[in-house]
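Open the model in your viewer and keep the selection panel at hand. The stops below go from pockets to cores to salt bridges.

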Amino acid sequence: MNHKLLFLLFFLFQFTVFSYGQETLNSRQTKTQLSDDFWHRTEFKVGFVGTVFWSNGLSFGAEYLWIENEKTKTRKGTERTNTHQFLFNGNLGFATNFSSKTDTGAYTNYGLTWRRTNKKGKQFSIELNPLGYYRSFLPETYEVNGDSVDKVFLPGRGYYAPSLSVGIGKQRKGKVRSGSYFNINYSPRFNYNAETLPTFSLQYGFRFNFKNRKQ
């Protein structure tokens, strides 16, 4: 079961890359000359993550622009130019059920994002994070050691948790608050009671490029 889910995640991302390559054959592509400044190519993001009704929290992350191309297509005599990007990304988040104080956990993941932006700044992205870890935190827990009962320090358990996200967004070119995003996330937790626990969440937030402040 674990291998099938990993294969599915890999296949979906490979399909996206393959489609990207096929589009390149039918359009004119120009590679963008990117700045050598690390901070200019890096954006930070912060947002809400959870399922709205029973699990809510915050997520933080960063994205580093790796490759950017402008692709121009001609349809019915009209040229249309879209920007395609590949970005390295990393995320850190925390969520809990504030009413019941259960389903509390923190996660971190790392991977690659493909993003398309049209001339109006509307964006579509697919994010694959094969490196992921989720740590659950249980309520107050005790364990019996011989004749004594001791309180467990930070009770909980860790899981391997890769993720796949599909989302939309809006770019604000040249602004410190450089964009917004809304993602649907899928992240299976492996070895969850000897099985795999599929989890879904929503993510909404903003991206920031503080280098734009000096422009």
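**Stop 1: the largest pocket**

The largest pocket holds about 660 Å³ of space. Select Leu65, Glu68, Gln85, Gln171 and Lys173: of the 30 lining residues, these are the closest to its centre. A pocket here is an open set of points on a 1 Å grid over the protein atoms alone, where a 1.4 Å probe fits, with protein on both sides within 12 Å along at least five of seven lines; lining residues have an atom within 4 Å of a point. Volume is the space filled by probe spheres set on the points, which are joined across faces, edges and corners.

This is a predicted model, in which local features need pLDDT of at least 70 and side-chain atom pairs pLDDT 80 or more, while totals for chains, interfaces and linings use all residues. Residues are numbered from 1 along each chain as its sequence is written, and side-chain values use heavy atoms, without hydrogens and water.

Now colour strand 4 (78–96). Strand 4 gives the most to this lining, five residues. Strands are DSSP runs (E, at least two residues), numbered from the N terminus. The lining of the largest pocket has three nonpolar, 18 polar and nine charged residues.

**Stop 2: the second largest pocket**

Move to Ser187, Arg189, Thr199, Phe200 and Ser201, nearest the centre of the second largest pocket, which 26 residues line. Its volume is about 500 Å³. Strand 5 supplies the largest share of that lining, four residues.

**Stop 3: the cores**

Select Phe86, Leu112, Trp114, Ile126, Leu128 and Leu164, the largest nonpolar core. Strand 5 and strand 6 each supply at least two of its residues. Such a core joins buried Ala, Val, Leu, Ile, Met, Phe, Trp, Tyr and Cys residues through side-chain atoms within 4.5 Å. A second, separate core of five residues includes Val49, Tyr107, Tyr134 and Ala161.

**Stop 4: salt bridges**

There are five salt bridges (a side-chain nitrogen of Lys or Arg within 4 Å of a carboxyl oxygen of Asp or Glu). Show aspartate 37 and lysine 211, with closest N and O atoms 2.9 Å apart. They sit 174 residues apart in the chain.

Next, glutamate 43 and arginine 207 meet at 3.2 Å, N to O. Glutamate 43 lies in strand 2 and arginine 207 in strand 14, so the pair ties together parts 164 residues apart in sequence. Arginine 207 is buried at 3% relative accessible area (buried means under 20%, exposed over 50%, partly exposed in between, with a 1.4 Å probe and protein chains only).

Finish at lysine 45 and glutamate 63, 3.3 Å apart, N to O. Lysine 45 is buried at 8% relative accessibility, and glutamate 63 is buried at 3%.

Terms used
Nonpolar A, V, L, I, M, F, W, Y, C, P; charged D, E, K, R; others polar.
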